[in-house]
Structures are given as C-alpha cells and as structure tokens.
Amino acid sequence: MSNVAFINGAFVPLAEAKVSIEDRGFQFGDGVYEVIRTYKGRPFALEAHLVRLDRSATALDLTQPYSHAEWTDHILEGIRRAAFPEAKIYIQLSRGVAPRDHAYSTELTPTVAMTVREFHPLDRSVQAAGVDALTTEDIRWGRCDIKSVNLLANVLARQQVKQAQVFEAILVRAGLVTEGAVSTVMVVQGGTVMTAPEGPHILSGVTRAVVLDLARSEGIPIQERCVSRQDLYGADEVFLTGTTVEVVAVVRIDGKVIGDGRPGPITQQLAAGFTKQVG
Ligand code: PDD
C-alpha cells in the first residue's frame with residue numbers, strides 16, 4: 001500500500017511528481033479539481049464527479065484531455081496501485097505551462113495530476129455525537145459552482161475551523177447561508193429539509209444530489225432555498241453532506257446548541273439511507 005501519483009499520463013512515486021513553476025495552476029490558481037472517495041474499493045459516484053469536472057473545465061475554457069472512459073481507467077489503475085482499503089482520489093487539471101501572463105493561449109496543453117491516498121472516514125463516534133461548526137462571512141468569488149483550485153477563502157475559513165477546534169465553517173453571504181467551506185449545509189425545520197439552490201454561490205455537491213434524491217424517495221419534503229443565520233441557530237436539525245464528511249449532524253453552531261444537541265431524526269434517517277446506498 002502506498003500513495004500514488006499520476007502526472008500527464010504517467011504513474012510516478014508521489015515525491016517525483018513535479019510540475020513547472022510556470023504552470024498556471026501554480027501561478028494563477030488557473031485550474032479545476034475533483035475529490036472522489038471509494039467505498040469497498042470502488043469510486044463512488046464517479047460519473048457525477050467526471051461530469052462536474054467537465055462543467056468546471058468548460059466554464060474556464062479549459063480543454064479536458066481525457067474522456068470519461070480514459071479518466072475511469074486511470075482512476076481505477078491508481079486505486080489498484082495504491083491498494084488502500086479505502087482511497088481518496090484527487091484529480092486536478094490546470095491550464096498548463098506558459099510564461100506568466102494573466103491572459104492565456106488557447107493552444108496550451110493542460111497539466112493533469114492525480115493523487116491516490118488512503119482515506120480515513122469520519123469516526124463512527126463522531127458521526128453518532130454530531131459536530132460543532134462556526135459561521136463566517138462567505139468572501140468567495142461569484143462562481144463558486146466552478147470547482148476551482150483557487151481556494152483562498154476556503155483555506156482561511158478552514159484555518160478558523162482549526163483554530164477554534166470545530167469541524168466545519170458554515171459560510172454566510174449577505175446574511176444567508178450558502179454552504180460549508182468543504183461541504184454542503186442542510187437545515188431541517190418543521191420536517192422540511194432546506195438547502196441553498198444550485199447556482200453561482202454554491203458548489204453543486206455530488207453528495208447533495210444523492211441525499212436530496214434519498215429525501216425525495218423517503219417522502220421528506222425539500223425546499224431549495226437559503227436560510228438566514230438566525231434560521232440556522234433556530235433550526236430543528238442541521239447537517240452537512242460531502243464526499244469526505246458523508247452525512248453528519250451539526251449539533252452546535254457558534255457555541256449555540258441546535259435542536260436538543262443531538263443528531264435529529266431526519267438527519268439520522270438520511271445518514272442511515274446514505275450508508276445503505278453506498279454500502
Ligand atoms: N469539497 N461545497 C464545497 C465548497 C466543497 O468544497 C465540497 C467538497 C462540497 C461537497 O461536494 P461533494 O458532495 O461533491 O463532495 C460542497 C471537497 C471534498 C474538497 O474540496 O476537498
């Protein structure tokens with residue numbers, strides 16, 4: 001078992017995977033990415049991640065070098081080589097190498113990178129107890145639907161999380177909750193699940209879509225609308241969804257207890273349904 005790297009078509013030891021300092025991903029954050037995890041050794045929702053990678057690339061006028069079939073081959077090969085019980089696959093596409101100039105040439109060859117590392121899912125005891133979050137201003141740009149490697153606002157929010165020793169930062173833009181720094185936020189009020197609508201202010205989460213489908217199939221009402229910070233504090237339940245967090249209850253936000261301070265019934269129902277679906 002070992003970490004695996006893939007760069008521009010070749011598998012190499014992680015320490016040998018290098019890109020030029022003139023790579024536009026390095027100089028401008030001019031690139032896009034995906035994070036995929038395995039369940040029982042198989043990549044979960046791979047097609048949905050590849051579709052989103054295409055969307056992100058297209059939005060930035062970036063040429064996608066591989067078809068879905070080619071990506072799938074590389075990813076499966078990376079998982080096979082790494083041979084971890086569960087893996088986290090990071091794929092990144094940058095515009096390529098060129099002398100520094102903000103404007104780009106459409107002729108550049110994109111740099112493609114992938115790493116496959118061991119994935120450690122959230123501890124079951126943490127899942128059972130729920131997690132703490134803080135809220136912070138959403139200072140990101142106006143195209144959060146693009147999964148861009150430009151993550152400075154997320155980096156700063158996650159550093160606040162680290163310093164406050166909580167689990168996630170919930171981002172608030174103009175008084176309304178958008179999403180988490182690395183997850184989707186869902187709020188339950190009066191039996192209805194509410195989450196921000198897809199659009200430029202959120203990343204359209206792969207897990208979000210799976211969980212909303214699950215809610216629909218279980219007859220749980222959904223409203224795709226933003227809630228205020230006050231609504232968040234007064235919610236019956238709050239939970240996060242995401243590739244790395246799965247479905248996890250938030251039981252305290254900014255030190256305020258949510259609901260009765262334990263994962264609520266709808267969160268538990270959706271978490272159980274999700275576990276069943278991925279298992
Ligand atoms: N992030 N919102 C943001 C801002 C995210 O960065 C992520 C995931 C999500 C959840 O999306 P999905 O369900 O497709 O994983 C929502 C990944 C895990 C990351 O940047 O590491």
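Reader: Let's start with Trp71: buried or exposed?

Author: Trp71 is buried, because its relative accessible area is 0%, and buried means under 20% (exposed is over 50%, partly exposed is in between, using a 1.4 Å probe and protein chains only). Keep in mind that this is a predicted model, in which local features need pLDDT of at least 70, side-chain atom pairs count only at pLDDT 80 or more, and totals for chains, interfaces and linings use all residues. Residues are numbered from 1 along each chain as its sequence is written, and side-chain values use heavy atoms, with hydrogens and water left out.

Reader: Okay, how do I read a pair of aromatic rings?

Author: You describe a pair by the distance of the centres and the angle of the planes. Here, rings of Phe, Tyr and Trp (its six-membered ring) pair if their centres lie within 6.5 Å; planes under 30 degrees apart are stacked, over 60 edge-to-face, and the rest tilted. That rule gives six aromatic pairs. Take Tyr39 and Phe44: their ring centres are 5.4 Å apart and their planes sit at 85°, so the pair is edge-to-face. Tyr39 and Phe44 are both buried. Tyr66 and Trp71 make an edge-to-face pair too, with 5.2 Å from centre to centre and 85° between the planes.

Reader: Which residues touch the most other members of the largest nonpolar core?

Author: The general idea is that nonpolar side chains tend to be buried together in soluble globular proteins. A nonpolar core is a set of buried Ala, Val, Leu, Ile, Met, Phe, Trp, Tyr and Cys residues joined through side-chain atoms within 4.5 Å. The largest core here has 24 residues, and Val32, Trp71, Ile75, Ile89, Ile91, Met114 and Val116 touch the most other members. Elements giving two or more residues to this core include strand 1 (4–7), helix 3 (68–82) and strand 6 (111–118); helices (H or I, at least four residues) and strands (E, at least two) are DSSP runs, numbered from the N terminus. There's also a second, separate core of 21 residues, with Ala133, Val185, Val245 and Ile253 among them.

Reader: Where is His49 found?

Author: His49 is in helix 2, and it is buried, with a relative accessible area of 1%. The side chain of His49 reaches the backbone oxygen of Val35 at 3.5 Å. That's a polar contact: a pair of N or O atoms within 3.5 Å, where, within protein, one must be able to donate a hydrogen and the other to accept it, and residues adjacent in sequence count only if both atoms are side-chain atoms.

Reader: How many residues surround the ligand?

Author: There are 18 of them, and the closest are Tyr33, Glu179, Val206, Thr207 and Thr243; a residue is near a molecule or strand if one of its heavy atoms lies within 4 Å of it. A polar side-chain atom of Thr207 is 2.5 Å from a ligand oxygen atom. An N or O atom in the side chain of Arg52 is 2.8 Å from an oxygen atom of the ligand, while a polar side-chain atom of Lys147 lies 3.2 Å from a ligand nitrogen atom.

Reader: What does Gln223 touch?

Author: Contact means heavy atoms within 4.5 Å. Not counting residues up to four places away in sequence, Gln223 touches Thr192, Val193, Met194 and Thr195. Gln223 and Met194 are 29 residues apart in sequence, yet 4.8 Å apart in space, C-alpha to C-alpha. The side chains of Gln223 and Arg225 are joined by a polar contact of 2.8 Å.

Reader: Last one: which loop holds Asn8?

Author: Asn8 lies in the loop between strand 1 and strand 2 (10–12). Its phi is near 45°, a positive value in a residue other than glycine. Asp254, not a glycine either, has a positive phi of about 50°. Asp254 is in the loop between strand 14 (246–253) and strand 15 (256–257).
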